[in-house]
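Hello,

Here is the structure for your files. My notes on it follow below.

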Amino acid sequence: MATTEVALKTVTLQEFKGKVDPDWCPGCGDFGVLAALQKALVELQIQPYNVVTISGIGCSSNLPGYVSTYGMHTLHGRALAVATGVKMANHDLTVVVTGGDGDGFGIGGNHFIHTMRRNVDLLYLAMDNQIYGLTTGQVSPTSRLGMKTKSTPFGSVEGPINPISLALAAGATFIARGFSGDQKHLTDLIKQGIEHKGFSFIDVFSPCVTYNHDNTYPWFKQRVKKLEDDKTYDPSNWLMACERSQIWGEEIPIGKFFERTDLLSLDQAEPVLDSGGPLALRELGIPAEITREFVTELM
Amino acid sequence: MKRTFAVAIGGAAGQGVATPGVIYARIFARRGLHLYAYNAYQSIIRGGHTFLTIRTGPDRVTNQGDRIDLMIPLNQDTMDRHLGLLGEGAAVIYNSDSIQPGTPPPGVRLCPLPVSQLQHNARAKQEQNTLAVAASLSMLGVAFQPLEEMLIQQFKKKGDAVVKDNTESARTAYQYATDHFEPFPNPLPMTDNKYAVLTGNMALAMGGAAAGVKFYCAYPMSPSTGVLHWMASHARQAGIMVRQVEDEIGVINMAIGAAQSGCRAMCATSGGGFALMTEGLGMAGMIETPVVVIDVQRAGPSTGVPTKTEQGDLWQMLGAGHGDYPRAIATPTDIVDCFKIIPEMFNLVDKFQCPGIVLGDLLLSEGHASADPSELDFNPPIDRGELITSANGNGANGYKRYLFTESGISPRAIPGVKGHAHTVATDEHMEDGVLISDEFTNPIKRRQMMEKRQRKIAGIEAAVPPPELVGPRDAEVTLIGWGSTQGVIQEAIELLGDEGITANQLQIRWMVPLHGDAIVEQLRGARHTIIVENNHSGQFARYLRSETSFVADGHIRKYDGEPFMPHHIVEAVKDQLAGKTKLSVPMHEIMV
């Protein structure tokens, strides 16, 4: 039982500040995502040492170095697989995964789909800038058809994927889209995503001011429209969410597309975790009467 | 020569080769006999040709041997393929209703069973293999009762009628053999021991359970899938989380995530899956997270021959992942060693915070062997190294995950411990985890951190014993092998001894650390050295040469997918001692 002798200290924003300042380009959308994440963690009063921030590789994947939680800066595309292991080994931890569109939807696409299917209880923040930034500007899985980049100098002939529709199809239980330019809205979505028990996906428009001259702050600002402002929208309605996810043009919906709370998350569904606390903190030995059975069945 | 008896059962996949195999194995082991079983099969669910050899005897049996004493062909194909290989004194029990015997070699007895006449219930099809097993037990001087018990156990779910049909038919066949067939000259011996029978895959999985593995994940891949099967079916009892992941890239990364959180985490695959894991292995090296990966070798390259054995992944393991980082690689030498090596490897990688590879092969993983239950120690020594799991007593201020130390080992805090929050990164980093790869680089710090990691190599070497030469120092020939060939080389040495040729053996169990100096010292004065390995290019010979400049006098290599049989090595050694060749590639006589 928790002791009441020492009142828990209030968690402040300062405690989430990392050891070094971000090395992102001035004006990068990722600053806004970092700030919103820190604010959300403070508002939820989660202790920094109970959070693990996990990323792959890319500009946005540098984020774990800029928060003072536990962090893992892993391999390109692999953050969700690593994060699943972290969460299963210690399901008391709050796990936040960050990364870019290339990392998550390109090289990491397979893990993206399967982590949603498994309903692993974590927050996945994709900082979607529709470009490969760290490699100096190549086409990404979310770049628009016809976009001119260094690897598509005459315009891309491939269409983009739609992360929201993909997440709906793959069975994610919390799906939202945010915009780095709208802090308050994004912070609120992140809070909801962390509090959701299950896989929470937030596709965040996070403009690349250096390499993407198509999808800029003004471009998004003119178009984004909050689902929350539409009183007829029901985020528990999967079909409605599918329909809205297809809207892309002069108007682009942001906000919570979908949430369901009737499915167990992987740690809830896994009987090994029913009792005994986090796996990582359990004693290593197996009771002798059980190991005797293991041998007896071989005889 | 070893006193053993070998039964071979052949047929198409799906014809029921496995069931009589299990029956024999249980009867032998319960009789206090050791056994070893090897199944030659193909990547097909129904059809093809499966040939299971079970060899038993009072002493430990380590390989399939050179001789089949009894063959049970379940189809014509098996009879046609293998009858000619049988030697004097061997017998063939077959269903004379459906199989034509052909002409047996001299001294081979044909024992036709008129299966349709022996069946208790003509409408129900009693499997011919059960009747053949019954007949063989009569010829081996084994009472009917053990078989009856096994049949009751096997068929009880199907109801009393089925149990009765099968036991009565088996009894009739047993009696028919007693009446019509000469018994084997030596009845099957019996001892007071009781043995367990397990595969290498089961041993690897159980070794993991013994080591305290709490997280196991895998993608199915022959011939390593048996580890996943054991883990999955025992997970809840053992308190192990088992996950089947979307691909091997996900597997290694998930295992590393669990390990980073503080679990002992393990995964298994074969060469192709391991290829996908190599970037992850490098991550474990860079972020200094202990994880154990089992690679069960099969015949490569690429998809290769999924159901056949080879020792062809050694260089893949040595070079897995780009850049330099410490790793450990062990090659278990028999099926029981598959069990023992896992806790040893976990203690090593926990202490040195690096990836560990257990390099097995199909021969071990799918072979069956007997083991004394006391050999399966579920309470091995556990050493988790410098692991910080609570904030108590630790000076939290200024915790540095990658603190420079003389040993290169830095105390490792797991997530959730107050005051120790840090980020681990696959980018090069400083002692506190901050990157020195992006915003600024620093050649001095990069060098210091590389040297810190690499300092662990000396510790790993000191923590593992060097290999030892077994046998007379002044032997005429020294046979050097690694991993799964231990038993067959040992038996070849006994056979050579019968022919007056003295030989000793140096078997490698730890590939990294190799202990090159110790090996060279042991081989100093060896009269004739031959390296025996199950691959084409002499992967170990090349490795040994690269590490020590040692060049062996000769090589025996086999890369047809099948394991060595003792006589392959014996004949090759004799050829090489006679100066006929320096490279022998034995022909596998059994077409499977």
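In chain B, strand E1 (residues 5-13) and strand E3 (residues 47-57) run antiparallel and are joined by eight bridges. Within this pair, B:Phe5 stands opposite B:Thr56 of E3(B). Please keep in mind that the model is predicted.

Both strands belong to an open sheet of eight strands in chain B, ordered E6-E5-E4-E1-E3-E2-E14-E7, with mixed pairing. Strand E6 (109-113) and strand E7 (196-199) of chain B are the edge strands, each pairing on one side only. On average, neighbouring strands of this sheet are turned by 20 degrees against each other, direction ignored.

Another open sheet has nine strands and mixed pairing, in the order E7(A)-E8(A)-E5(A)-E6(A)-E4(A)-E3(A)-E1(A)-E2(A)-E17(B). Its edge strands are strand E7 (224-226) of chain A and strand E17 (423-425) of chain B, and each of them pairs on one side only.

A:Arg177 has A:Asp203 in E6(A) as its bridge partner. Helix H6 (residues 183-195) of chain A packs on the sheet and touches, among others, E5, E6 and E7 of chain A. The direction of H6 makes about 160 degrees with that of E5(A).

B:Val585 lies in the segment after strand E24 (583-584) of chain B. B:Val585 counts as partly exposed because its relative accessibility is 38%.

Regards

Notes. Residues numbered from 1 in each chain as written. Chains lettered and ligands numbered in written order. Predicted model: local features only at pLDDT ≥ 70, side-chain atom pairs only at ≥ 80, totals over all residues. Heavy atoms only, no water. Helix = DSSP H or I, 4+ residues; strand = E, 2+ residues; numbered from the N terminus. Buried < 20%, exposed > 50% of the residue type's maximum accessible area, 1.4 Å probe, protein only. Pairing = 2+ DSSP bridges. Contact = heavy atoms within 4.5 Å. Axes fitted to C-alpha atoms, helices over the stretch in contact; angles between N-to-C directions.
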